[in-house]
Amino acid sequence: MTSAWDKFQRLMREKMREIYSETYIDHNLDPKNVGSIENADGHAEVNGTCGDMMEMWLKVDGDIIVDAGFTTTGCGAMVASGSLVTEIVKGKTLSEAQQIEQQDILDTFGGLPEENQNCALIAADTLKAAIRDCLQFQREPWKKLYKKH
């Protein structure tokens, strides 16, 4: 017997498929890597012009990103963008991850409606800021003693 919730979810996915790709729907409805990372090597918080905020944490082993987490106050597109970015950076070097742009996220999602495209930009910008933070602490490790995240 199918529950009302299962029917609702199926209907919601069908409606979403009219606009969004399966990749987007998956990251929107089942986001990955939500939450902070203790003793992160890099952290950033970026506020978008829309008023939404994204925070991102990176854990690095040498030059390789081994874990990433995020939180956001934003919409579903912001959640999906943060989820996607934190998935695709794992296993990449800091230099490789720094190359990820808004368009890469949009391409992976198969595009987003114009009003949601800034979410991909905020996710890319937050990633780059977290990488800069990580690199700063690699150059000046003593500053980690004063880090609040």
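**Reading the packing of helix α3**

Analyst: The buried residues of α3 pack against α2, β2, β3, α5 and α6. Buried means under 20% relative accessible area, exposed over 50%, and partly exposed in between (1.4 Å probe, protein chains only). Packing is judged by contact, that is, heavy atoms within 4.5 Å. Helices (H or I, at least four residues) and strands (E, at least two) are DSSP runs, numbered from the N terminus. The model is predicted: local features need pLDDT of at least 70, side-chain atom pairs count only at pLDDT 80 or more, and totals for chains, interfaces and linings use all residues. Residues are numbered from 1 along each chain as its sequence is written, and side-chain values use heavy atoms, leaving out hydrogens and water.

User: How many residues of α3 are buried?

Analyst: Ten of the 13 residues of α3 are buried, so this helix is mostly covered. Among them are A77, V79, A80, S83 and L84.

User: At what angle do the axes of α2 and α3 cross?

Analyst: An axis is a line fitted to C-alpha atoms, for helices over the stretch in contact, and angles run from 0 to 180 degrees between N-to-C directions. The axes of α2 (residues 22–29) and α3 (residues 76–88) cross at roughly 100° and come within 8 Å. The two helices are therefore roughly perpendicular (65 to 115 degrees; under 35 is roughly parallel, over 145 roughly antiparallel, and the rest oblique). On the α2 side the contact is made by Y24, H27 and N28, and on the α3 side by G76, A77, V79, A80, S83, L84 and E87.

User: Is H27 buried or exposed?

Analyst: H27, which is in helix α2, has a relative accessible area of 7% and is therefore buried. Not counting residues up to four places away in sequence, H27 touches K32, V79, A80, S83, L84, E87 and F109.

User: Which residues touch the most other members of the largest nonpolar core?

Analyst: Nonpolar side chains tend to be buried together in soluble globular proteins. A nonpolar core is a set of buried Ala, Val, Leu, Ile, Met, Phe, Trp, Tyr and Cys residues joined through side-chain atoms within 4.5 Å. Here the largest one has 37 residues, of which Y24, V89, I105 and L127 touch the most other members. Elements giving two or more residues to this core include α2, α3 and α5, while the largest share, ten residues, comes from α6. Leaving aside neighbours within four places in sequence, Y24 contacts M16, G76, A77, A80, F109 and L112.
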